[in-house]
Number of protein chains: 8
Amino acid sequence: MPELDPFAGLAAVLGAAPVHVDPHRQARTGVPEVVYAAGKSPRLTLAAVQALLERQPLGRALISRASAEVVDALRSELEPSGATVLVAPNGGTVLAMRADAKPPLETGGVVALLTAGASDAAAADEAAWVAREMGCHVVRADDVGVAGLHRLEAPLRLLREHGADVVIVVAGMDGALPSVVSGLVDVPVIGLPTSVGYGLGGGGVAALLSMLQTCAPGLVVVNIDNGVGAGATAALIANRVAAARNTG
Amino acid sequence: MPELDPFAGLAAVLGAAPVHVDPHRQARTGVPEVVYAAGKSPRLTLAAVQALLERQPLGRALISRASAEVVDALRSELEPSGATVLVAPNGGTVLAMRADAKPPLETGGVVALLTAGASDAAAADEAAWVAREMGCHVVRADDVGVAGLHRLEAPLRLLREHGADVVIVVAGMDGALPSVVSGLVDVPVIGLPTSVGYGLGGGGVAALLSMLQTCAPGLVVVNIDNGVGAGATAALIANRVAAARNTG
Amino acid sequence: MPELDPFAGLAAVLGAAPVHVDPHRQARTGVPEVVYAAGKSPRLTLAAVQALLERQPLGRALISRASAEVVDALRSELEPSGATVLVAPNGGTVLAMRADAKPPLETGGVVALLTAGASDAAAADEAAWVAREMGCHVVRADDVGVAGLHRLEAPLRLLREHGADVVIVVAGMDGALPSVVSGLVDVPVIGLPTSVGYGLGGGGVAALLSMLQTCAPGLVVVNIDNGVGAGATAALIANRVAAARNTG
Amino acid sequence: MPELDPFAGLAAVLGAAPVHVDPHRQARTGVPEVVYAAGKSPRLTLAAVQALLERQPLGRALISRASAEVVDALRSELEPSGATVLVAPNGGTVLAMRADAKPPLETGGVVALLTAGASDAAAADEAAWVAREMGCHVVRADDVGVAGLHRLEAPLRLLREHGADVVIVVAGMDGALPSVVSGLVDVPVIGLPTSVGYGLGGGGVAALLSMLQTCAPGLVVVNIDNGVGAGATAALIANRVAAARNTG
Amino acid sequence: MPELDPFAGLAAVLGAAPVHVDPHRQARTGVPEVVYAAGKSPRLTLAAVQALLERQPLGRALISRASAEVVDALRSELEPSGATVLVAPNGGTVLAMRADAKPPLETGGVVALLTAGASDAAAADEAAWVAREMGCHVVRADDVGVAGLHRLEAPLRLLREHGADVVIVVAGMDGALPSVVSGLVDVPVIGLPTSVGYGLGGGGVAALLSMLQTCAPGLVVVNIDNGVGAGATAALIANRVAAARNTG
Amino acid sequence: MPELDPFAGLAAVLGAAPVHVDPHRQARTGVPEVVYAAGKSPRLTLAAVQALLERQPLGRALISRASAEVVDALRSELEPSGATVLVAPNGGTVLAMRADAKPPLETGGVVALLTAGASDAAAADEAAWVAREMGCHVVRADDVGVAGLHRLEAPLRLLREHGADVVIVVAGMDGALPSVVSGLVDVPVIGLPTSVGYGLGGGGVAALLSMLQTCAPGLVVVNIDNGVGAGATAALIANRVAAARNTG
Amino acid sequence: MPELDPFAGLAAVLGAAPVHVDPHRQARTGVPEVVYAAGKSPRLTLAAVQALLERQPLGRALISRASAEVVDALRSELEPSGATVLVAPNGGTVLAMRADAKPPLETGGVVALLTAGASDAAAADEAAWVAREMGCHVVRADDVGVAGLHRLEAPLRLLREHGADVVIVVAGMDGALPSVVSGLVDVPVIGLPTSVGYGLGGGGVAALLSMLQTCAPGLVVVNIDNGVGAGATAALIANRVAAARNTG
Amino acid sequence: MPELDPFAGLAAVLGAAPVHVDPHRQARTGVPEVVYAAGKSPRLTLAAVQALLERQPLGRALISRASAEVVDALRSELEPSGATVLVAPNGGTVLAMRADAKPPLETGGVVALLTAGASDAAAADEAAWVAREMGCHVVRADDVGVAGLHRLEAPLRLLREHGADVVIVVAGMDGALPSVVSGLVDVPVIGLPTSVGYGLGGGGVAALLSMLQTCAPGLVVVNIDNGVGAGATAALIANRVAAARNTG
């Protein structure tokens, strides 16, 4: 009954596919498309992943916020054709690769990741995998929480040894960790608050607000649980530094 | 035209003075009355101070949130009769003493006070002077902010050397300092957030929320800028410990 | 496929276990580690409990916010080896003990607990069990709500008779109870708001805000439902008093 | 240049005065018009008061939230013609009476007013004067704050002796007082929160929220500082009871 | 293992039952106890209802916020012994009556109830049943929403004909209805906002705020969905009027 | 047991059906009734749809926020009698038509709909179907998000070619799209924010606030996800323009 | 010291004036530029007005939120050269006209304006003057507040008689008026909330939220006090209707 | 009366100056200290500036949020000794230089600054001057607002021509500009929201929230008006890139 469908008119005129793709985005901005699976049905997510896999030059597609159902759908539909579906250690972030996928081109950029507590790991995975897909080397230390400052020394020494170009600090309850770190290093710090905690200021709100309030210049933030945003910006920074190193 | 005044009826019946006083409060709870001057006219504040000075056994009265006008009123009205009016170094907190005032009885309790930044000093004064009026010894270190952790060592060593029974940590932008401190000491820590900062989470909100969210057990909080509350509770704790020491 | 795992690099360097432990925390701060089970899978919670049981000197481990699934997992995994798993009367808080567990060393500190209503009991359990693990004697009276002031007399008399060193007042809808109590006793009061209530100010927000607003000095607060924080701070206070009594 | 004035067209058609008056409101609802002076210029307030004085049958007009400038304007303009301008003890509320004004008709309704602290007095004045203009007998006790429960006994005894038909409880920091009172009396209680306090929940927000949250049925509320609303509703209740008494 | 149970000590001393009851509350305040079932297990709710049924003089017990499970539990446990379990037309509110229950004593008080829309019915039931248990006659008109003002005429005429002593106006999306009604009647109006609506201001927040903001004196409010509070206060008002009528 | 039912009295007097209908609303305001299914049981929704179908002149009824259960109930109850039940492409919005339904009268009004991203489609469907039922021609382009401005050109050209009388811009994360569009067209723009996004400002709040803040005059908004409101207002505008065109 | 000025570089390259103007905006969108004076110095505002007066084809410039200082500056600088400076009856909105200014071209569009109370007049002026500058005929009725519904009849009859194409309803405390009106007319309604009121939901927040929540389709809103936005959109609607009438 | 001063004890022990300085901060983190003047007295600000001028190697000191009084104090105290005091074009940000000050060492880093509207200029100055002090080349274009997209082309071309390493986008009402820009460039973008706007979401809140919500990866944010934070992080990024270029 097409005359009832308000889509009918314009869609024909535009000749548009139901899902728009922006094939030039990565070339234009240096950041790959990531399929955001939250609130999408497994079927819709699968369609987006397949479309992305087809046109992505390296045959790779990242998916964020994937539920167990989405992972199952991806595996049962993609693996028979030889594709690989990898799930991050703390769930949620998924990498799908065609049978002929190639690894991301190593840029030489170095992104460091510190997490305050065990519950910050999933958001950190999301950031790490995005940076990895953008060709960065990722060094990471987990559970370095602010309560025990002595635990911070080893990770800081390591990120200096690896020559980190930028640091992502992931923290939910210990919202002060990014400020502390940014007072101790001379590279930019990206605060990634996570949605842990309960009561007033819970769900990551206190963490985000205290990162915004910090008096430590050199710290910028992304929204609660936005691992993709933190990882992508960190990689943009690291890749620009690396490009300068390579061509300097 | 008294018949228009709805106060008339009951006031006569109760024989009540327009300002009620609670002469037994300090005996009952161990905390002295403090005159809260914010939003009161100088005249009203003066009346309350005079009433308090008359009946307070040691001839001493603390005033919080006193404006310059209030200080002037207190000085011009009280000093001619031999009283003393002392203003805290960062303003706001005032101590009025009759000519025959006696110092508070030393209890032996020890309260430590750490402030994160220079703008936290006025709230710290308020807390310090209350604890002092309750007979405690107050040790204090200012501007130990969380951004430079190395600055924290000397103050912590000192509060251990002085045998602090409780620590008040005053912080506005560096809302994480109380959590950090409470992970390093074995006495209770009271977080006192202060109304500094701007933007989202400004005015002390981020500081209060991150103190509430902290995963460091051993930390309790009072409202933003509530130096009286922090100082009084700290002194209650220290005084109970000291009493046990003295009579143990 | 380790080359895809951004954990790989640093973890090897640090030689770190996936879950960090802080074995010196209790020695340093006097507060034991508590396993926070909310948002953790039963498997992850179990691993944390087992790690804690192994190294905790008395063979005891507290778990907060445990769901029925977590309790089942703990029981089925730990009890076959002779361990005991106790659940608090109102659920959520769990104590696991090795077969050779020893009771906490009695410190002589006395913590009083008052709850305003029946729905405040679970948060009170959490606080009580933490204080108990820290060696305190806990006296408690439930359902003393502010609406009927006459119900407050017996509990207050009792906490005086038991020589309480500190009082925790647990209240969700009757957010005023902590203020009322702190105006009647001469020991510090810790307000523990609970997440009951609906509508505007529901979920414990009104209770927390009115505890923060109270004009009763001598009252400090923890976040909504933070029984661990209230219990730990109360025990720190009581234990310091008790230590002074014992060594005075 | 009237053609530029977008008011011109319709105003002529409607023949409306620039300020609409609702002469039948008091007859219809039993509540007199009160001139709300906040945000109005002295000149505009004066015009409204004069208009009201002219048509109000008893020659009386209440003004709320009047600044000192408004009071001056009212006095200098109205008193030369023999009118009287009375200001409430704590300011803000003003009663203007024509030279030939008559007192309000006594209805026999009895409204009790309790205030928690000294800063609640101005809002209480507003409520009291409205109830008085509606013909009620007002009994009032100030500064009965919740922190000292013993102070509540005398006022409660008095309101029973006066046969209060309804109680207004005015409270800013002690937001629990209305709940406490409503658990002790068998007449309806109206909570009137006031804008005192600072920090989180300040400005009366915590007081309003805790009145809304209370588990004490029998308590209803008005907005922060809305003395007119509390007084008018209380008088409606009391007057209906009184009418039944008189005609029963 | 009683030595682990922190309840043990005091409970014995107080000889208290695990659930406190306040048998004198109805006598003291005129409002019956209502069992609040939300967040209580069916078993706990049943115990509270049984305890109440035993001691309530008329053999009646009201329950609010009862889920289907709670209703089932009440029916299967109480009906075999001859008790009756009635559920309100829109669910949630339940009346349990012993086999020998007596109807509430008719007071002669008249409570009118208007609802704005169909989704406001459950909260209205709660208010109506409470008022009914307190002996009032309840007149009610549903779905009179503000959008069509002509629909308001019949209900207003009826509440005048029935001589309503007070009006409860229940509204979620049409938060203005209580203001409108209070401008048209000369009895007190209680606004009862309900948790309908979505987006900003949803869940009843806009309704509550606009009732608080209204410039219509004569209107008071209760929290979102608090039918018990609205019904109890309305009945207190109506009953006091009725008592005056009867004894006038 | 009718004497227990507080509905009994008035309902009889009013002779009112349990669900009020407003048969003259469409004639009076030009907007048809839409059955809002959220929070209604399938049975209640079905009853409302049936009542509407019976009296709606064209035999058509729109339902918004219909769950899968509601759709099933509508289908199984209505289709046997020859009715048709159509579900919008992205779910939620449903059109039920009697066997003898007639199409809406074409008014000639033209409504354009732009959506920023794929997750905005369901709210857009709701708006589109309402406008369609009001007789408008709807042109629509999806997924034109603000991040790639070049994607905006084709849709804008099309809405000019179709002579759109008004534009609805649907956006959740890209809250700026409505401002951008309103700076490029000379017809009114209605911003329809949608409840996508997480973290601070999530659920559509940031989108709504930035539409309210925009400095682009010519933009008005409706609440988050209120497709019915956006579609109805757009159609009122377009239909008034079209009527002028037809009768000009 | 130009080398210190970070503006220097790019400004030269762009050849840009310090204040950008958008001379094609009115042609493109049909809405004239309005100078927003809040937060601008009188000098800066004057510069913007002069720039606008020079290039605006009719020699007219509207200014919103002008303080008394700004009005003085405009008058003293512009009037000597023969320009006219008109201030709206309730202040804030100002119209400056060159000596050779021409009146706006009458479009034939009709915009109706209703205000709920006297404090809504300034925001209404702003909307009215913008619509007037866009060539509309403006009919307006003030102070028709929702509390007295009978007051609504005359204005509604008038807006029908004048053939209003759209209605702006301005309301601060009576946030329901727009919903009420939109249920009674068949043209689009724009709700313009104003920043009156105090306490919770004050400053226009309750009014805005209840307009957003309304269940009356046909109502759209602008931000609190945004008279320019309401007036501009209303005029866009009315002008499109009028254009169709003229060319139909 | 030193025995009353709670500062006395510890200060002596620590030998601490009343204002702590962190002379190694710039060496450690690469960011210079900036004196935050808001809320400080002119005298206190002057002291901090003098202390900083003395030890800062280049003899330069930046001050943010300086009021006119602070500027006057700086000028009258510093200029007599040959120092220079420069104020940013839009006020607030001040640079003080000793007579022998040296310019910052040019790093070769390039920071681009775009502002959406005229009111964003002061925050942009703050960011620009900080980046300049850190040795960066700053290119800037003002007033490129999102409403007219065509205005964005020239600035974007310029920042590409200058080889910007990072872009700061300053926006208050047009909170979408940073997202738009980050979709068009391949360098990191820092969103700097500013406190313009009124009504709901005003004061920069809507701008900050919509930057946090954006779906454009590659965008990070700082708090409202935090020009120092945006400038310092941008310079850290640009300087690391430049160092790589120089030593590559």
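The following paragraphs describe the fold of individual chains and selected side-chain contacts in a predicted model. Residues are numbered from 1 along each chain as its sequence is written, with chains lettered from A and ligands numbered from 1 in the order in which they are written. Because the model is predicted, local features need pLDDT of at least 70 and side-chain atom pairs count only at pLDDT 80 or more, while totals for chains, interfaces and linings use all residues; side-chain values use heavy atoms, leaving out hydrogens and water.

Chain A contains 9 helices and 9 strands, where helices (H or I, at least four residues) and strands (E, at least two) are DSSP runs numbered from the N terminus. Of its 248 residues, 61% count as buried, that is, under 20% relative accessible area, with exposed meaning over 50% and partly exposed the range in between (1.4 Å probe, protein chains only).

Strands β1(D) and β2 (residues 60-64) of chain D run parallel and are joined by 3 bridges, and Val34(D) stands opposite Leu62(D) in β2(D).

Across all chains, 8 aromatic pairs are found, defined for rings of Phe, Tyr and Trp (its six-membered ring) by centres within 6.5 Å, with planes under 30 degrees apart counted as stacked, over 60 as edge-to-face and the rest as tilted. One of these pairs, Tyr198(B) with Tyr36(H), is stacked, at 5.9 Å centre to centre and 25° between the planes. This pair crosses between chains, from the loop between β8 (189-193) and α8 (205-213) of chain B to strand β1 (residues 34-36) of chain H. Tyr198(B), at 21% relative accessibility, counts as partly exposed, as does Tyr36(H) at 25%. Elsewhere, Arg65(C) lies over the face of Tyr198(A), 3.9 Å from the ring centre, and the charged end of Arg65(D) sits over the ring of Tyr198(G), 3.9 Å from its centre; this arrangement requires NZ of Lys or CZ of Arg within 6 Å of the ring centre and within 35 degrees of the ring normal.

Gln213(E), in helix α8 of chain E, is buried, with a relative accessible area of 5%. A polar atom of the Gln213(E) side chain lies 2.7 Å from the backbone oxygen of Tyr198(G), and the side chain also reaches the backbone oxygen of Gly201(G) at 3.5 Å. Beyond neighbours within four places in sequence, the contacts of Gln213(E) include Asn223(D), Met173(G) and Ala206(G). In chain C, 8 of the 9 residues of helix α8 (residues 205-213) are buried, so this helix is largely enclosed by the rest of the structure; among the buried residues are Leu208(C), Met211(C) and Gln213(C).

Technical notes. A polar contact is a pair of N or O atoms within 3.5 Å; within protein, one must be able to donate a hydrogen and the other to accept it, and residues adjacent in sequence count only if both atoms are side-chain atoms. Contact means heavy atoms within 4.5 Å. Two strands pair if DSSP finds at least two bridges between them.
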